[in-house]
Amino acid sequence: MTRDEYVNQPYKFLAFAVLPHKEGGFTIKKLRPLVTDNPQGNYQWLHNMTVIKDKEVYLRYFEGEGDLSLVEYCKKECMEKCNSDIDASVEEFAEHMDCGCPISLIYHMAVGHAELRERLKYFEANDSEVVEGNQNG
Ligand SMILES: [Zn+2]
């Protein structure tokens, strides 16, 4: 299999790195999984602090209290920090996150984090092998 054939395979192979050799050929290496539902230590927490349930983003085990709805968190914080009373459903909430306070930034970054984590979780669940190859297949 050539490198181009390999990298053009379906998405399930994207959790691999293609490492070219100086003398030609390449190694395809499985990347260390980052996604877990049972994070241990600071880095695993950092990479797994959001979770999506029923299309809604939650902050995992927030302040030791269990998973907290991101929308509920932002509603409460915006009320306290910028006196903005946001009355919107989960589906429409992003359109109302225009108060300009730091919570708005947190909201958008957390949604992005959660979506990337879910995508990566899928890739990492479809792994299995390390493949050695060369430029001729
Ligand atoms: Zn705000």
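Reader: What makes strand β4 and β5 a pair?

Author: First, note that this is a predicted model. Two strands pair if there are at least two bridges between them. Strand β4, residues 56-59, and β5 are joined over two bridges, so by that cut-off they count as paired. Their sense is antiparallel.

Reader: What holds paired strands together in general?

Author: Strands of a sheet pair through backbone hydrogen bonds, in a parallel or an antiparallel way.

Reader: Why are β3 and β5 said to stand at the edges?

Author: The open sheet has three strands, in the order β3-β4-β5. β3 (50-53) and β5 (68-69) each have a single partner strand, so one side of each lacks a neighbour in the sheet.

Reader: Which helix packs on this sheet, and which strands does that helix touch?

Author: Helix α4, residues 102-124, packs on the sheet. This helix touches β3 and β4. Its direction makes about 75 degrees with that of β3.

Reader: Where does A88 lie?

Author: A88 is in the loop between α3 (70-82) and α4.

Reader: Why is A88 called partly exposed?

Author: Set the count against the cut-offs. A88 has 13 C-beta neighbours inside 10 Å. A residue with 20 or more is buried, and one with 12 or fewer is exposed. The count of 13 lies in between, so A88 is partly exposed.

Reader: Which residues does A88 contact, leaving aside neighbours within four places in sequence?

Author: A88 is in contact with F93 and H96. As for V71, it is 17 residues from A88 along the chain, and their C-alpha atoms are separated by 9.1 Å.

Reader: How many helices and strands does the chain have?

Author: The chain has four helices and six strands. From the N terminus, the elements run α-β-β-α-β-β-β-α-α-β.

Reader: What share of the chain is buried?

Author: Buried residues make up 14% of the 137 residues.

Methods: Residues numbered from 1 in each chain as written. Predicted model: local features only at pLDDT ≥ 70, side-chain atom pairs only at ≥ 80, totals over all residues. Contact = placed C-beta atoms within 7 Å. Axes fitted to C-alpha atoms, helices over the stretch in contact; angles between N-to-C directions.
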